[in-house]
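Let's take a friendly walk through this model together. Have the viewer open and follow along as we go.

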Amino acid sequence: MDKVHLLQSLAVALFALGLAGVVIRRNVLVMLMCMELMLNGANLSLVTYAHQMGSAVGAVLVFLIFVVATAEIAVAIPIVLLLVRRKHTLDIDAYTDLKG
Amino acid sequence: MIESLLANLETLLLYLFAACALAGAVLMLVLRQPMRVAMALISTMVFLGGVYGLLGVHFIAAFQVLIYVGAVMVFMVYVIMLLDPRDPALARRFSTLLIPGVLACVALFAVFGWALWQTPAAVPGAVAGAPFGLAQFAAAFLSEYWLHFELTSVLLVAAVVAAIAIIDINRRERG
């Protein structure tokens, strides 16, 4: 297995594990961290291809993903804190007000 | 023996870092305490930074450690410390969608892996292993992609305003 295939498989595995984490875990904070893992998988894929192509375009996109991840966390964490203050739990099953 | 080991040191380290990053990701799914999950994610990110360093894109490795580990995960760790450790959500790790979730994860990995296997390793037009440095990245960023660079600042301002608005909702509710 060559380097590109290895790293792309790792990127796919990280993305799939992150998605599984979002689906199967109960804790909202752990779900957020699994989303970060998915972004990391996408980043690894971009960096691998950017490295292979020898172009800086992929790196620019990676930088933009860093910024998006930071903005996501900056908005998501206050929402989680607000929900915890209201429901007194991190359990996703308690947040059923958003139905329908 | 040692010479051949040293010659392949980079490849060996790449395999080692990739395996450790994967192990951290798997640990994230099975550990119970959010703090331990955060530590597993931090180790995965640091090992990915090592992978980026081995690929020769050192500035992305630095960004990975500075932005992800230094900013995002430190923020996450602080929030975990703010919350109640006796939360009932910690007693039950998995939701009712455990089996479908795992099956979907395996199916996704299989589909992507199959697609990856069908593509040749060499992308058409690839310059084998041609490195690009910070200078090339910075020139591309500030000449060709300046609009995106400016848009990131707009996005960050929007995120800060949104965070303040959420805190304000919180304050109004408590009176």
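Domain bounds here come from an automatic or database domain assignment. On that basis, chain B of this predicted model splits into domain 1, residues 1-84, and domain 2, residues 131-175. Taken over C-alpha atoms, the centres of these two domains of chain B lie 24 Å apart.

Now turn to where the chains meet. On chain B, 73 residues are in contact with 63 residues of chain A. Several helices of chain B give at least two residues each to this side, namely helix 2 (9-30), helix 3 (34-55), helix 4 (58-82), helix 5 (98-118), helix 6 (134-144) and helix 7 (146-174). Helix 7 of chain B provides the largest share, with 12 residues. By class, the side of chain B that touches chain A holds 61 nonpolar, nine polar and three charged residues.

One helix pair lets us look at the contact in detail. Two packed helices are described by the angle between their axes and the distance between the axes. For helix 3 (residues 57-87) of chain A and helix 4 of chain B, the angle is about 5° and the axes are 11 Å apart. Angles under 35 degrees count as roughly parallel, so helix 3 of chain A is roughly parallel to helix 4 of chain B. Among the residues making this contact are F63(A), F66(A) and I73(A) from chain A, and F63(B), I67(B) and F75(B) from chain B. The contact comprises 15 nonpolar residues, one polar residue and no charged residues.

Finally, look at helix 2 of chain A, residues 28-53. Its 26 residues reach 38 Å from first C-alpha to last, close to the 38 Å expected at 1.5 Å a residue. Helix 2 of chain A is mostly covered, with 20 of its 26 residues buried. Just after this helix, G54(A) adopts a positive phi of about 65°.

Terms used: Residues numbered from 1 in each chain as written. Chains lettered and ligands numbered in written order. Predicted model: local features only at pLDDT ≥ 70, side-chain atom pairs only at ≥ 80, totals over all residues. Contact = placed C-beta atoms within 7 Å. Helix = DSSP H or I, 4+ residues; strand = E, 2+ residues; numbered from the N terminus. Nonpolar A, V, L, I, M, F, W, Y, C, P; charged D, E, K, R; others polar. Expected span 1.5 Å × (residues − 1). Buried ≥ 20, exposed ≤ 12 C-beta atoms within 10 Å, placed from the backbone. Axes fitted to C-alpha atoms, helices over the stretch in contact; angles between N-to-C directions. Parallel < 35°, antiparallel > 145°, perpendicular 65-115°, else oblique.
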